[in-house]
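Here is a short briefing to read alongside the sequence and the model. Take a moment with the view first, then follow the topics below.

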Amino acid sequence: MYECSLLKSISSFDYSDSIFERTPVVANVLETDDSVWDLIHEGMIGVANDPNGTAYMTFRDYTPTVAAKTGTTETGSTTPDAVFICYAPAEKPEIAIAVVAEKGDHGSALAPVAMQVLDYYFSFQQSTQQTEQELTLLH
């Protein structure tokens, strides 16, 4: 776990010079066996890919494989807050997303929001790779 910070870096207006680069500070280290992380990872894959998973209806046919966790916070209100986290591709993560909605009811309701972000990310990545391939063919 790292100390919280709102500032990562400062650059000159044209990004030619780095004025400040924050060095992350470790606040705490959670020591645990790799087998525990493997079980968590497996469970998160199940949330999005197993028919009994709470985000299955959103991600059942999605490529690449998504690992996710839905959550509902107990606030004492009649409508709870909702939390959804995910990362993809599950096998070798490139992107992680967290969606939180006050009075959002339940975390699975936020899965479509995360899916839209994933769609944009992977379509942009694919178009960039395609452009690089086309440029390589031209040269």
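Two residues are in contact when heavy atoms of theirs lie within 4.5 Å. Setting aside neighbours within four places in sequence, G71 is in contact with D81, A82, V83, H106 and G107. Please keep in mind that this is a predicted model.

**Overall layout**

- The protein has three helices and five strands, and from the N terminus on they follow the order β-β-α-α-β-β-β-α.
- Of the 139 residues in the protein, 24% are buried.
- Among contacts with a separation of 6 or more, 38% come from residues 24 or more positions apart.
- The protein exposes about 10300 Å², and carbon and sulfur atoms supply 56% of that area.

**The N-terminal hairpin**

- Strand β1 (residues 9-11) pairs with strand β2 (residues 18-21) in the antiparallel sense, over three bridges.
- One of the pairings to look for is S11, whose bridge partner in β2 is S18.
- Six residues lie between β1 and β2 in this hairpin.
- Y15 belongs to the loop between β1 and β2, and its relative accessibility of 69% is over the 50% cut-off, so Y15 counts as exposed.

- Helix α1 covers residues 34-49, which makes 16 residues.
- From its first C-alpha to its last, α1 reaches 22 Å, close to the 22 Å expected at 1.5 Å a residue.

**A charged pair**

- Side chains of opposite charge can pair when their charged atoms come close.
- How many salt bridges does a search of the whole structure find? The search finds one.
- The partners are R60 and D61, whose side chains meet at 3.8 Å, N to O.
- Are these two residues buried or exposed? R60 has a relative accessibility of 39%, which lies between the 20% and 50% cut-offs, so R60 counts as partly exposed. D61 has a relative accessible area of 68%, which is over 50%, so D61 is exposed.

- Strands β4 and β5 run antiparallel and are joined by seven bridges.
- One of these pairings links V83 with V100, its bridge partner in β5.
- The hairpin that joins β4 to β5 passes through six residues.
- In a regular strand the side chains alternate between the two faces of the sheet.
- β5 has a covered face made of I95, I97, V99 and A101, and an uncovered face made of A96, A98 and V100.

**Backbone points to check**

- Most residues other than glycine have a negative phi, and most peptide bonds are trans. The residues below are worth a look with that in view.
- The peptide bond from T63 to P64 is cis, with omega near 5 degrees; P64 lies in the loop between α2 and β3.
- A88 and P89 are also joined by a cis peptide bond, with omega about -20 degrees; P89 is in the loop between β4 and β5 (95-101).
- K103, a residue other than glycine, has a positive phi near 55 degrees.
- Where is K103? K103 lies in the loop between β5 and α3 (111-138), and its relative accessible area is 53%, over the 50% cut-off, so K103 is exposed.

Note on methods. Residues numbered from 1 in each chain as written. Predicted model: local features only at pLDDT ≥ 70, side-chain atom pairs only at ≥ 80, totals over all residues. Heavy atoms only, no water. Helix = DSSP H or I, 4+ residues; strand = E, 2+ residues; numbered from the N terminus. Buried < 20%, exposed > 50% of the residue type's maximum accessible area, 1.4 Å probe, protein only. Areas by Shrake-Rupley, 256 points an atom, 1.4 Å probe, with all protein chains shown as cover. Expected span 1.5 Å × (residues − 1). Pairing = 2+ DSSP bridges. Salt bridge = Lys/Arg side-chain N within 4 Å of Asp/Glu carboxyl O.
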